[in-house]
Amino acid sequence: MISLSVILAAASCVKLPVEPSVGLEKENRVVNYTYYNEVNPIVLIALSEAFQFSGLTVNIFFTARPLVTDGFPVYGFTVSYEFQPEVFSIFLARGLSSEDTRRTIIHELAHLKQFYTKELVMNDKNTAIYQGREINLRRMHQKGWPFEIDARAESWRLGYLIRKKMHK
Ligand SMILES: [Zn+2]
């Protein structure tokens, strides 16, 4: 019997084209449900200029209360939708300083890129496929997950570019 994870690993090697398949150039859209508008230009610069994606919609939500998992604070997380690959939701924790909010949105945008390019596919709560390899999320700490290490490197580059664009 071929296990499901083998099929998923094979499927994750097929990279989706990041250009829109139709000839229409579509605008990226940020829908900010909580009107913390400082994040909107950051999202648009990342999508349009750094990643050069088009036609994406990013919903931004600030959570009603601080986020905690396994006793540790969580600053944010990103949700991708299997049947709406051009839509993402980014949740940011309520109560962060504006510097932490800025850092968190940039980090989550690095994950958005991993999801959109299908480099990263979350299987379920316990496993993910990253660059074609299955990762058991329970077996190591979040800080050691390879896609977290790469997202931190990506967010350094992205943060640098965004600071340059916003302060000129
Ligand atoms: Zn992360």
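1. A quick term before we start: a helix here is a DSSP run of H or I with at least four residues, numbered from the N terminus. Keep in mind that this is a predicted model.

2. Now α3 itself. Its 19 residues should span 27 Å at 1.5 Å a residue, and the end C-alpha atoms sit 26 Å apart, so the two agree. Its buried residues include Thr101, Ile105, Ile106, His107, Glu108 and Leu109. Among the elements covering the buried residues of α3 are α2, β5 (76–81), β6, β7 and α4.

3. Next, the largest nonpolar core, which has 25 residues. Ile42, Val43, Ala46, Ile105, Ile106 and Leu109 touch the most other members. At least two core residues come from each of α2 (39–50), β2 (57–62), β6 (84–92), α3 (98–116), β8 (127–130) and α4 (146–166).

4. Beyond its neighbours within four places in sequence, Val43 is in contact with Val30, Val58, Ile105 and Leu109.

5. Last, α4: 21 residues, reaching 30 Å from first C-alpha to last, close to the 30 Å expected at 1.5 Å a residue. Its buried residues are Phe147, Ala151, Glu154, Ser155, Leu158 and Ile162. They cover an arc of only 115° around the axis, so they lie on the same side of α4. That buried set packs against α2, α3, β7 (120–122) and β8.

6. And what does the face of α4 turned away from its buried side carry? You'll find the exposed residues Ile149, Arg152, Ala153, Arg157, Tyr160 and Lys164 there.

Definitions and conventions. Residues numbered from 1 in each chain as written. Predicted model: local features only at pLDDT ≥ 70, side-chain atom pairs only at ≥ 80, totals over all residues. Core = buried A, V, L, I, M, F, W, Y, C linked by C-beta atoms within 7 Å. Buried ≥ 20, exposed ≤ 12 C-beta atoms within 10 Å, placed from the backbone. Contact = placed C-beta atoms within 7 Å. Expected span 1.5 Å × (residues − 1). Arc of directions from axis to C-beta.
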